[in-house]
Amino acid sequence: ACCSASIRWACCRPSSIVSASFCSAASSACAAASACTAGGSSPLLVMALASALAGRSLRLAAEDVLKPLSSSPPDLEQARQKLGWIVGRDVSCLDEAEILRATAESAAENAVDVRDLLRTRLSLTDAEVDRMVRHRPLGALATVAPKLDWFQTRLELDAAQLKRMVVTHPSLLNLGVEETLAPTLDWLQRRLGLDAAQLRKMVLRLPPLLGYSVEDTMEPKLDWLQRRLDLDAAQLKKVVVPFPALLGYRVEDNLAPKLDWLQTRLDLDDAQLKKMILTSQSLLGYSVDDNMKPTLGWLRTRLDLSDAALKKMVLALPPLLGLSVVDNVAPTLAWLQKRMNLDDAGLRKMVVAYPTLLGLRIERMEANCAWLESRLGLDAAQLARVVAASPPLLYLSVDDNLKPKLDYLLRATGLS
């Protein structure tokens, strides 16, 4: 009865912060707990309720209350003492059944208080709170509130950054500050020589890294990467800060075979491989079978490239390996060939010399062409000859480069 009353109080609060699904689950759990209490076998149900509605810290506190009750005879005095640490009322006269009900109530009320905190502290809607707590409890109010403050202070987060980090990765609230979060951040900052802004940037890009083991995951991975690519401290930092996701990749079945494949397929020496990764860290996130192998194979066939020409293109534009053939490369080549009236040899010559063209949006190149035609009074054939002589005209900024440069030339030469 007491537990049900507690749930009714939570679900009827004016703020309307508690979802219907929460109320239904909590009410059912409390009903089960009350029924088992009457039968004298409720500790397991009470713990189930604490696990479902509360978090690790409160669950452990509930376990401390229940342990004295498992002795024979039950140690009610010690159970009352432990219960007094998590409830705000007099517990000196409670019998065993009342102790169990009070423990269950505490779990339910804590869940409501945590939802209220998240809703107000992070400016969340009910739906956003529901998504956060859907898969796991987030901890006791006494630990969640200071943890949010700690995140914001330690990483110098603004309100929007804190909200984004916690809403997208609510499991961070289950990590302990002293045993996990603080040591991990301190280690990252020391190991990579990060300032506060760089540390914040890394964490915001990959919040789950706060849960990675330093000894088992991050330290050996950084050591391996540094040895494999012969990176100094500054170069290692340059690779990891923009692409922290690599800290979650396995060496044996991801990073090592990927680098080996790149080096073998493109006949790269160690210095060339190192330069590629320093230039484009995201290569470490590409799949060999889904991205790199099919893209290289298609390009080689479509442009009738030699291995040397293919290597030259990739070294000049490493992100080329991550472009989609269907969505990017094929349409771009088709547009270039048609718009510039190129035969296959002309297309190959242009793209091998300027692989950057393959990463451009067709709309941007078309806009540059239209401007050149209009400004210089060119027909299609004349435009094709101009661009063939200087392909960068397709990607240089009109406002920042082409227009002021052309205006200057006209003024300097007196031409109209």
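**Charged residues and backbone features**

The structure holds 17 salt bridges. It is a predicted model.

**Salt bridges**

- R121 and D149 form a salt bridge in which the closest N and O atoms are 2.8 Å apart. Because R121 lies in helix 6 (residues 96–121) and D149 in helix 8, the pair ties together parts that are 28 residues apart in sequence.
- R121 counts as partly exposed, with a relative accessibility of 29%, and D149 also counts as partly exposed, at 40%.
- R191 forms a salt bridge with D223, and the closest N and O atoms are 2.9 Å apart. This pair links distant parts of the chain, with R191 in helix 10 (residues 177–192) and D223 in helix 12 (residues 214–229), 32 residues apart.
- R191 has a relative accessibility of 21% and counts as partly exposed; D223, at 26%, counts as partly exposed.
- A network of salt bridges links R191 and D223 with E219.
- R250 and D253 form a salt bridge with their closest N and O atoms 3.0 Å apart, and both residues are exposed.

**Negative patch and a buried lysine**

- D230, D232, D267, D269 and D270 form a negative surface patch.
- D267, one of the patch residues, is found in the loop between helix 14 (251–265) and helix 15 (270–279). Its relative accessible area is 59%, so D267 is exposed, given that exposed means over 50%.
- K274 is placed in helix 15. This lysine is buried yet has no salt bridge, and the nearest side chain of opposite charge, D230, is 4.4 Å away.
- Leaving aside neighbours within four places in sequence, K274 is in contact with L229, D230, L231 and Q235.

**Backbone features**

- Most residues other than glycine have a negative phi, and most peptide bonds are trans.
- E156 is not a glycine but has a positive phi of about 55°. E156 is located in the loop between helix 8 (141–155) and helix 9 (159–168).
- D267 likewise has a positive phi, near 55°, in a residue other than glycine.
- S72 and P73 are joined by a cis peptide bond, with omega about 0°. P73 is found in the loop between helix 4 (56–66) and helix 5 (76–84).

Technical notes:
Residues are numbered from 1 along each chain as its sequence is written. This is a predicted model: local features need pLDDT of at least 70, side-chain atom pairs count only at pLDDT 80 or more; totals for chains, interfaces and linings use all residues. Side-chain values use heavy atoms; hydrogens and water are left out. Patches are made of residues with over 30% relative accessible area and no salt bridge: like charges are joined within 9 Å, nonpolar side chains (Val, Leu, Ile, Met, Phe, Trp, Tyr) within 5 Å. Accessible areas come from the Shrake-Rupley method with a 1.4 Å probe; for residues, only the protein chains shown count as cover. A salt bridge is a side-chain nitrogen of Lys or Arg within 4 Å of a carboxyl oxygen of Asp or Glu. Lys and Arg count as positive and Asp and Glu as negative; His and the chain ends are not counted. The place of a charge is taken as NZ of Lys, CZ of Arg, CG of Asp or CD of Glu. Helices (H or I, at least four residues) and strands (E, at least two) are DSSP runs, numbered from the N terminus. Buried means under 20% relative accessible area, exposed over 50%, partly exposed in between (1.4 Å probe, protein chains only). Contact means heavy atoms within 4.5 Å.
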